[in-house]
Amino acid sequence: MDFEKLLSGYKNKTCIISVEKFPNDQYGNIRIVEGNKAHYDDMLNVMHHPFIPDSPYEEYLPQNRNFEDFCYRSAILGQPLHTYVQLPQMGLWLNMFLLPLESDKENTGYCIYSYDVTPHADSEQQASLAADTSSAVLQTCIKLRGSDNTRESLDEVIEDIRKICDSDHCCILLTDDETRTCHTFCEAIKPGCGLLPMDTYLDEGFYGITQTWKGTIGDSTSVIIKDENDMQWLKEINPVWHKSLTEAGGKNIVLLALNYNGRTLGYIWAINFDVESTVKIKETLELTSFFIASEISNYLLLQRLEILSSMDMLTGVKNRNAMNTYVNDIVDGKIQIKYPYAVVFADLNGLKRVNDERGHDEGDHMLKSAAEILNQVFEEALVYRAGGDEFMIIVPETDEAGLEDKIKAINQHAEDVHSIHFAVGTYIVQDGDDIRKAMRKADERMYINKKEYYSAHPERKYR
């Protein structure tokens, strides 16, 4: 076959790829047999060495099992294929077409590979996939953008993806490299499939398994394990993940990283999917994950901003803004607390003196220690820094005796920490009481306790 003449009519970067066929649906060498001028120029400019015909493809292109699968499907199975995918390791987008060619060699198939790469995503190309794939992705975008509740909308989306893949289990798992933890963001499990929820496996060591996925995905956007041969490959290169996957009941999997702005937020996968629809599933997940990653990034940012707006950055407890919001929600009936509950005001005695004599760094350390004590004693309660050296705690379902034990515990802990002493005021809120009245009473009692303390220890009074 005159490949050079065949390729002369192509303007885009185009080459002929051969695939060696083995028994049992296995393939051998994949080679770039010939290329047109644009391909030759691209190899020289990008790879910085001339293209030599009939060379193994991995000498010129990143070795990638997904690409190999596409070549096999086109050259051996006779499937015309098109996909538009991101190459995260290279910061590029790849638009590729594969068309099968008749072969005059036994156990060797051929296909035309025409491709183009760009540094930015092309929305027209993203929308040029198969109609059913584009429709599925469009529905995902509508659900994500049409809801004010990201968690609820992604619960629906992950179930839709599970149905598209006809899989037993679909999941979005987020990873946090700072804390070296991971958690299930959402998942969908096929009824009766026997697979367990992801949280079953999230022990302290699972984050380590997720860190092996980056190497397994490599330069691709995904890793696809579709049969026993792929499973054997996975066992060889990533035995830890292979063991985890097979013990959980996984027979096949397609897994993608959720990347946004150069950062991996987590992963999305489908386990025990319909292998006959591998190409469609790959395309759907690759394009859908692009939008899901963007939505999750926005969600995490808003969550972070919400935390920052409600947290006292020095002590790590809730701030006055969060306290006022919570109290207002109680008054408006949005939050119900079982009676009786207690309101506690705790003020640090001597903070001003510490600031004046030992500096504000020591004063800050004193405030942090005070917050730690209150969190330890009132571990089931909400602790707020009401302002300055004053803290407020709302203690659910407690009585006078229980509260008295807590106050004793505060003083005991404070005695163990140098220069810390609390002035404390409390009020037990009964059914029918107004929490704002309880706060005023507790605050008044705290100042009475403070006066009593300085009367007993005038030498420690602030100036």
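**Local features of a predicted model**

T14 is buried, since its relative accessible area is 0%, and buried here means under 20%. Good morning, colleagues. I begin with that residue, and I note at once that the structure before you is a predicted model.

T14 belongs to strand β1, which spans residues 13-22. Its side chain makes a contact at 2.9 Å with the backbone oxygen of N12.

Is N24 buried or exposed? With a relative accessibility of 70%, N24 is classed as exposed, because the cut-off for that class is over 50%. Its backbone also deserves a remark: N24 is not a glycine, yet its phi is positive, near 60 degrees.

A further positive phi, about 55 degrees, occurs at R180, again in a residue that is not a glycine. R180 sits in the loop between β7 (169-176) and β8 (181-189). R180 counts as exposed because its relative accessibility is 53%.

Which peptide bond is cis? The bond from Y339 to P340 is cis, and its omega is near -10 degrees. P340 itself is located in the loop between α11 (320-331) and β12 (341-348).

Finally, I come to the surface charge. K437, R440, K441 and R445 together form a positive surface patch. Of these residues, R440 is placed in helix α15, which runs over residues 435-456. R440 is exposed, as its relative accessibility is 52%.

Thank you for your attention.

Notes
Residues numbered from 1 in each chain as written. Predicted model: local features only at pLDDT ≥ 70, side-chain atom pairs only at ≥ 80, totals over all residues. Heavy atoms only, no water. Patch = residues over 30% accessible without salt bridge, like charges linked within 9 Å, V, L, I, M, F, W, Y side chains within 5 Å. Areas by Shrake-Rupley, 256 points an atom, 1.4 Å probe, with all protein chains shown as cover. Salt bridge = Lys/Arg side-chain N within 4 Å of Asp/Glu carboxyl O. Lys, Arg positive; Asp, Glu negative; His and termini not counted. Charge placed at Lys NZ, Arg CZ, Asp CG, Glu CD. Helix = DSSP H or I, 4+ residues; strand = E, 2+ residues; numbered from the N terminus. Buried < 20%, exposed > 50% of the residue type's maximum accessible area, 1.4 Å probe, protein only. Polar contact = N/O pair within 3.5 Å; in protein donor to acceptor, adjacent residues only side chain to side chain.
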